[in-house]
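Hi everyone, and thanks for making the time. Please have the sequence and the model open, and I'll walk you through a few places to look.

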Amino acid sequence: MSEQDPSGKSARTNAGFINGAPVNGESAKRRPAVSFVSGGDRHIRSRLMLSRVFAWLCRFSTYAALAVLVVLLAAIFYSSIGRLSPDFVTNTNSTSPVKAGILAGLWGSFWLILFTAMFSVPVGVGSAVYLEEIAKDSMLIRIIKVNLANLAGVPSIVYGILGYTVFRTSAAAIAELFDGKHVIGVLGLFKVRLSKLPMYEDNILVGALTLTLVILPTVIAASQEALRSVPGSIRVASLALGATRWQTIWRQVIPAALPGISTGVILSTSRAIGEAAPLIMLGALTYTSMCPGGIESPLELLTKPAQLLQAPLDQFTAMPIEIYDWSKQPDARFTAVAASGIVVLLVVLLSINSVAMVVRHFASRRLKW
Amino acid sequence: MRFSGQSFPVMLLAVLVAGVSGCTVENDVTPNAGTGAGSEEATSPSTSSEPTRIQIDGSSTVKVITAAVAEEFESKFSDVKVALKVTGTGTGFKEMIAGRIDIANASRAVKDSEKADCEKNNIELLELLVALDGLTVCVNNENTWVDSITVAQLKKIWEPGSTVKSWKDVDAAWPDVPLVLFGAGEESGTFDYFTEAINGKEDEITENYSPSSDDNVTITGVSGDKGAMGFFGCAYYFANKDKVKALKISPTEDPAAGVAPTPEAVKAGDYKPLSRPLFIYVKKSSLERQEVQDFVRFYLNEGAAQVSKVGYVDVSDEQIKGSREAFEAAVKKE
């Protein structure tokens, strides 16, 4: 809340100028005995007026945004009355508005985000480290940097089409390759004998890879920004003490940039969790009672290790897809179902964001310079 | 900062090892649905799909019915799962042509070109009529001047280049209230059918209407303006009878001959020309799989109850008997 400080201060100092007296202190409410140079009085007054108006405009825009959010949240919570209950998160979808639940979408989104983060963090942070720390400033690097910014603005449906062409087609080819065969060799390393690995071309991994494309430019940009904010003296000092470039980057620069990087990653994954368009493009299911891999509760993550391998290759639906579908149902009672879905999505988003805040807090606490 | 320096990669490795060792079981890893566990070979001859999963894609209108049937079906056949997508009738047929799905939901009959493409890929389709939809033309509840409308009047309002601005322009007896039009967008099968039935040519419509991909938006629009008119599938009208007023449609010049969009009229074929058939198209080779057979049989036998539950109109006994016979004949042949 450090932004409030200056505006609060200016409001306080400005309070002395209500009657147009441009001085502070005891004579604040009276016209000064000594007049300024001709026109100066008015000049200062109008400048101070401007500053006050500006402060109020800033305040207004902050509160206006907040008010919209509050109204939105209130409206959604109000609409969700009647369906939002514990069984909404433990039921899978149904054509009956009193039974419909979001379990399948919740698990679908969980797996998607898990893999999206797993793919986008190493690639995104790695690219940023290369661009900021290692690459020499050449024409090519400059072209890459400019185009990263452009890529961040590409609509996600375009990535959906790309994902369909590249990832889904590859997945189909791989599925064809293993069709009906034993997949022992591939994972035999871990003594897992897969008698038959059911693989769908419209699977979680394909969705996660596509979402990775959607958020990668943002992750790279945020990581670059974070790396840039690390003072150059840290690098110089580390190198001067005999550390190699790898040691400098891994032990000094990345930890120092970690708060910024993690914020960027979490904000991007929050965006990914709300994406529906590219997933529908890839063939995500609209109506299903299946959770990926058949895992329906956190406990089953531990008790069904075999299914863990199947989940990433399974078909899926996701929360935004189910919400969109519910909002289009003829039966008006589905409005409450859709609203409940939005509430669950918001809760998930807020928990991800609070994790980001905690990570940020602990990461920046260790920084002492 | 020292802490993340060395321990981080070690920790990462530890997590990976732990994750992997969790899987170091000597058992077979088998699909969760379980029935394929015993057999070493896949039961389905050519698809990579799990044999106990039925893949369906297509129309959003028919999806509502198929989802309701699937829900009932899954509760009776617990080892079979239905994977249902909604990409629209046209895309559904494309998926069928590519051989990726077992059943295509369709709110119109298959086009000759689509059929030809299927044949090119050695895919034979079994057409099954499962329900009827009566596209409903609605006006605002405060609209007291019109109960029944002729197809010619509708054409005057909805045809491309229509100059009608107010109700008075359609019929001199009606008041001078501005006409505000709402309806389905061009990506929808409802739009295709309505434009074909009213304007005589698919995809051609007046520029002065607000299209929406969500029929609930159309209903909100119609209920919010006194001079409004909109069209959508009958399920949306049956679920919102108190919000809007449905017009009787007369295929002749005489508005008095109008027929209201009731389930009975649609079923009897009296609600013309806005009644449309809803189909499922089954890939004949998929009928070799027991679960697809079971599902389609269940659809034809128990579907009628679900059809009316979700707001569409079930087909006549005669028609459903025809569908059942066609299905059993196809099963026998496979």
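Let me begin with one working definition: a residue is called buried if 20 or more other C-beta atoms lie within 10 Å of its own, with C-beta atoms placed from the backbone. Please also keep in mind that this is a predicted model.

With that in hand, let's go to helix α15 of chain A, residues 334-365. The buried residues in α15(A) are Phe334(A), Ala336(A), Val337(A), Ala338(A), Ala339(A), Ser340(A), Gly341(A), Ile342(A), Val344(A), Leu345(A) and Ala363(A). How far does this helix reach from its first C-alpha to its last? The 32 residues of α15(A) span 46 Å, close to the 46 Å expected at 1.5 Å a residue.

Now let's step back to chain A as a whole. Its secondary structure comes to 15 helices and 1 strand. Among its 369 residues, 37% count as buried. Looking at contacts in chain A with a separation of 6 or more, 77% are between residues 24 or more positions apart.

Two residues of chain A are worth a stop. Tyr200(A) sits in the loop between β1 (193-194) and α8 of chain A. Is Tyr200(A) buried or exposed? Tyr200(A) has 24 other C-beta atoms within 10 Å, so it is buried. From Tyr200(A) to Ile141(A) is 59 residues along the chain, and their C-alpha atoms are separated by 38 Å.

The other stop is Leu301(A), in helix α12 (residues 298-303) of chain A. Because Leu301(A) has 15 C-beta neighbours inside 10 Å, it counts as partly exposed. Leaving aside residues up to four places away in sequence, Leu301(A) touches Ile295(A) and Leu308(A). Ala272(A) is 29 residues from Leu301(A) in sequence, and the two are 23 Å apart in space, C-alpha to C-alpha.

Next, the largest nonpolar core, where we meet both chains. This core has 155 residues, and the members that touch the most others are Ala257(A), Ile65(B), Ala131(B), Ile280(B), Tyr281(B) and Tyr312(B). Which helix gives the most to this core? That is helix α8 of chain A, residues 204-228, with 15 residues. On the chain B side, let's pick out Ala131(B). Apart from residues up to four places away in sequence, Ala131(B) touches Ile65(B), Leu278(B), Val307(B), Tyr312(B), Val313(B), Asp314(B) and Val315(B).

That brings us to chain B itself. Here the secondary structure comes to 12 helices and 13 strands. Chain B has 334 residues, of which 45% count as buried. For contacts in chain B with a separation of 6 or more, residues 24 or more positions apart account for 71%.

One thing to find in chain B is an open sheet of 5 strands, with mixed pairing, in the order β9-β8-β10-β6-β11. Which strands stand at the edges? They are β9 (209-212) and β11 (244-246) of chain B; each has a single partner strand, so one side of each is left without a neighbour in the sheet. From one strand to the next, the twist averages 25°.

Inside this sheet, β8 (residues 180-184) and β10 (residues 228-232) of chain B run parallel and are joined by 3 bridges. If you want a pair to click on, Phe182(B) stands opposite Gly230(B) in β10(B). Helix α7 (residues 189-199) of chain B packs on the sheet, touching β8 and β10 of chain B, and its direction makes about 120° with that of β8(B). Helix α8 (residues 215-223) of chain B lies across β6 (136-140), β8, β9, β10 and β11, running at about 160° to β10(B).

Now for a pair of helices. In chain B, α11 (residues 290-309) and α12 (residues 317-333) pack at an angle of about 170°, with their axes 11 Å apart. That angle is why α11(B) is roughly antiparallel to α12(B). Where they meet, α11(B) brings Gln293(B), Val296(B), Arg297(B), Leu300(B) and Ala304(B), while α12(B) brings Ile320(B), Ser323(B), Arg324(B), Phe327(B) and Val331(B).

Last, two backbone details in chain B. Lys272(B) and Pro273(B) are joined by a cis peptide bond, with omega about -5°. Pro273(B) lies in the loop between α10 (263-268) and β13 (275-283) of chain B. Asn122(B) is not a glycine, yet it has a positive phi of about 60°. Asn122(B) is in the loop between α4 (112-120) and β5 (125-134) of chain B, and with 8 other C-beta atoms within 10 Å, Asn122(B) is exposed.

Terms used: Residues numbered from 1 in each chain as written. Chains lettered and ligands numbered in written order. Predicted model: local features only at pLDDT ≥ 70, side-chain atom pairs only at ≥ 80, totals over all residues. Helix = DSSP H or I, 4+ residues; strand = E, 2+ residues; numbered from the N terminus. Buried ≥ 20, exposed ≤ 12 C-beta atoms within 10 Å, placed from the backbone. Core = buried A, V, L, I, M, F, W, Y, C linked by C-beta atoms within 7 Å. Contact = placed C-beta atoms within 7 Å. Pairing = 2+ DSSP bridges. Axes fitted to C-alpha atoms, helices over the stretch in contact; angles between N-to-C directions. Expected span 1.5 Å × (residues − 1). Parallel < 35°, antiparallel > 145°, perpendicular 65-115°, else oblique.
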